[in-house]
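Please look at the ligand site with the following points in mind.

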Amino acid sequence: MAKALIQLAIDSLDVNASLGLAAAAAPYVDIFEIGTPCIKHNGVALVRELKRRFPNKLILVDLKTMDAGEYEATPFYAAGADICTVLGVSGGATIAGVIKAASKFNAEVQVDLINVPNKVACARESAQLGAQIIGVHTGLDAQAAGQTPFADLQAVARLGLPMRISVAGGIKQSTVQGVIQAGATIVVVGAAIYGAPSPAEAAREIRALVDAA
Ligand SMILES: O=C(CO)[C@H](O)[C@H](O)COP(=O)(O)O
């Protein structure tokens with residue numbers, strides 16, 4: 001079985017802090033996620049800059065697109081995004097639009113199940129539409145209210161869909177191996193790295209745990 005990939009969520013608004021975090025964690029992670037607040041604040045220029053500095057990393061732009069899928073995603077793929085996210089709650093037409101944009105750039109789409117009422121049905125529809133990644137995600141506000149992604153991850157993994165499964169929502173050293181065993185092939189880590197006293201050391205620990213899983 002292929003090793004799970006580690007995705008670092010960069011959720012700062014500050015460009016220099018974002019680039020500094022990326023540099024510190026680069027030896028240990030596979031994907032740089034430009035988080036939603038960060039991409040809204042800094043725009044397509046940050047995609048170009050991250051790709052220029054880290055040409056060997058995958059860049060995920062967490063657009064969380066809700067409408068105008070092809071139109072919104074196209075400039076981010078053109079700037080070097082390898083993956084853009086679209087909300088599952090946006091519906092099939094918008095998801096299909098982002099998939100159309102991605103296909104023009106030989107890139108990929110992640111459908112984010114955040115706040116989707118029927119996650120199993122949405123995951124199945126996303127696979128049928130041709131999305132490559134399904135994202136099981138407990139957002140920051142839901143985490144603050146005590147929610148976790150673990151039960152949803154098990155429900156989606158049970159489907160056996162031909163997609164990679166990404167999991168996000170407070171993943172940390174103590175939970176990273178469990179989510180891989182539950183079926184995640186991309187583990188997203190934000191606060192457990194950027195909020196650590198040493199982000200590089202936290203990323204190194206997560207890498208070691210993922211490689212040992
Ligand atoms: O997409 C996000 C919020 O919508 C975050 O980037 C994602 O939840 C990962 O961060 P953390 O590990 O801190 O939960």
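1. Helices (H or I, at least four residues) and strands (E, at least two) are DSSP runs, numbered from the N terminus. On that basis, Ala191 belongs to helix H10, residues 191-194. The model is predicted: local features need pLDDT of at least 70, side-chain atom pairs count only at pLDDT 80 or more, and totals for chains, interfaces and linings use all residues. Residues are numbered from 1 along each chain as its sequence is written, and side-chain values use heavy atoms, with hydrogens and water left out.

2. Ala191 counts as partly exposed because its relative accessibility is 49% (buried is under 20%, exposed over 50%, partly exposed in between; 1.4 Å probe, protein chains only). Between Ala191 and Ile171 the C-alpha to C-alpha distance is 8.4 Å, at a sequence separation of 20 residues.

3. The ligand is surrounded by 14 residues (a heavy atom within 4 Å). Asp11, Gln143, Gly170, Gly190 and Ala191 are the closest. At least two shell residues come from each of strand S3 (58-65), helix H7 (140-144) and strand S8 (186-189).

4. Polar contacts are pairs of N or O atoms within 3.5 Å. A polar side-chain atom of Lys64 lies 3.0 Å from a ligand oxygen atom, and one of Gln143 lies 2.7 Å from a ligand oxygen atom. Gly190 places a backbone N or O atom 2.8 Å from an oxygen atom of the ligand. The ligand alone exposes 370 Å², of which the protein buries 93% (Shrake-Rupley method, 1.4 Å probe).

Note on methods. Polar contact = N/O pair within 3.5 Å; in protein donor to acceptor, adjacent residues only side chain to side chain.
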